[in-house]
Amino acid sequence: MSPASVVFAIALLAPLTVTAVGRAQAQAVPVSTVPSADLLRVFLDCGRCDGEYLRQNVGFVDYVRDRASADFHVLVTTQETGGGGLSWTVRFMGAGRFGGQEQTLAFTTDATATEDDRRRAFARIFKLGMASSAAGTSAAPALDVTWRPPSQASDLMRAHDPWNYWVFTARVNSNMDGEKSRSSKAYDLRLSADRTTESLKLAFSVGGNRRNNSFEVGEGERLVTETHTWNIKGGAAKSLGPHWALGTTGAVSHSSFSNIDRSIGAAPAIEYNLFPYSDSSHRTLTFQYAAGATKYRYSELTIFDKTEEVIPRQALNVALNLRQPWGSLGASSNFSQHLNAPGRYRAEVWGEAEVRLFKGFSIEVFTEYNRINDQVALRKQDASQEEVLLRLRQLATGYSYYMSFGISYRFGSIFNNVVNTRMDHTSF
């Protein structure tokens, strides 16, 4: 038989083979993946969770994709801890026959935890939250409880912190790309030191970036460009109770793109949260006011004929963040103003929402608008064509905006318990 005949035979038999294998697999589906009217129906609302791992390892519940069909809505929120790890808050909210039942469990994962560590930790908490309700279903005979007594050594390690809550991070990144007529290289460095306790938060960072580009613009002629930035930042925030905080920030920076050879600034700030900070995993409404001054030294003469100046300014920010069973909502409004020239200001508004309107139908919206009237560092000299096209320098503008909108609608079987990762990664 010729090679062409073999290929033709394989192509002809492949659909029949797939169909036969599919039927065999359907007959061999494990009992844990078959929907049961008696098992708890769970809607898992978690962006960081490994759904496939849960379906494979926590099989005493049915996972449904529609919140309205669930016995429990499990809402998971995460926040970064002072040590660089994650603080997880898991809300188990009953519906239907379990209406009125609700409990919240919390746990943390270290900054050094792997994805496998995090999914195992979540699976343990998830099983704890669902076990008592699942005990009244047909899964009860297969359920059990285990307990591992903590070792004395691990207790001593948790009690003694040789770093006194300080966490240090170093990141170095380099990337390059190109083709025959162009090439690009970038280098990035970030160092940070943070200390977070219930009463005081300290944060310091140093960072820098350099990017080089090379373009072939003619026979034997190349255009080479370079942009670079660096900054040193520091801040402190002191807790004044469940609703108030007092803090200050300071920074030294440089940006070739923005015509800033050197800037040095500092500003104290005060913040009020309408909700207690302890509720920050699912709702915050903050009002923040800051006032300070920044000294600028410019690389080139500005449109205001300045090579250096000191600018006092004030800023007011209002921010709302909600994470609820119906979805999530975030919105912020910021207004900053130069105190020596009140006509120079910047107003920023942004909002994002992910909302489930009804069964299977969701919308996602993001919008941002900036009204800009404070560009004091603009170069007086006109920009060249290369600088405009390659965005090598900041240009004058009165506004900027960005918008995105999306909708999704899913229908069909509400159950989604089977895991099959075949052909997940294909080149087509």
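A salt bridge is a side-chain nitrogen of Lys or Arg lying within 4 Å of a carboxyl oxygen of Asp or Glu. Take Arg 379 and Glu 300: they form one, and their closest N and O atoms are 3.4 Å apart. Arg 379 sits in the loop between strand E16 (361-373) and helix H5 (385-389), while Glu 300 sits in the loop between strand E12 (283-298) and strand E13 (308-324), so this pair ties together parts that are 79 residues apart in sequence. Those helix and strand names come from DSSP runs, numbered from the N terminus: helices are H or I runs of at least four residues, and strands are E runs of at least two.

Before we go on, a word on what you're looking at. This is a predicted model, where local features need pLDDT of at least 70 and side-chain atom pairs count only at pLDDT 80 or more, while totals for chains, interfaces and linings use all residues. Residues are numbered from 1 along each chain as its sequence is written, and side-chain values use heavy atoms, with hydrogens and water left out.

Arg 379 comes out at 12%, so the label is buried. Glu 300 has 34%, so that one counts as partly exposed.

How many salt bridges are there by this rule? The count is 17. Now find Arg 119, whose side chain meets that of Asp 50 in a salt bridge, 2.9 Å from N to O. This pair links distant parts of the chain, 69 residues apart: Arg 119 is in helix H3 (residues 115-134), and Asp 50 is in the loop between strand E1 (40-45) and helix H2 (51-57). Arg 119 also has a salt bridge with Asp 116, again 2.9 Å from N to O. Arg 119 is partly exposed at 30% relative accessibility, Asp 50 is partly exposed at 29%, and Asp 116 is partly exposed at 27%.

Next up, the rings. Rings of Phe, Tyr and Trp (its six-membered ring) pair if their centres lie within 6.5 Å; planes under 30 degrees apart count as stacked, over 60 as edge-to-face, and the rest as tilted. Searching the whole structure turns up 16 aromatic pairs. In one of them, Trp 88 and Phe 107 have ring centres 5.3 Å apart and planes at 15°, so they're stacked. Trp 88 belongs to strand E4 (residues 86-94) and Phe 107 to strand E5 (residues 102-109), 19 residues apart. Both Trp 88 and Phe 107 are buried. Ring pairs also link Tyr 63, Trp 88, Phe 107, Phe 122 and Phe 126 into a cluster.

Finally, look for charges over rings: NZ of Lys or CZ of Arg has to be within 6 Å of the ring centre and within 35 degrees of the ring normal. Tyr 63, from that cluster, has the charged end of Arg 55 over its ring, 5.4 Å from the centre. Elsewhere, Arg 344 lies over the face of Phe 304, at 4.3 Å from the ring centre.

Key: Buried < 20%, exposed > 50% of the residue type's maximum accessible area, 1.4 Å probe, protein only.
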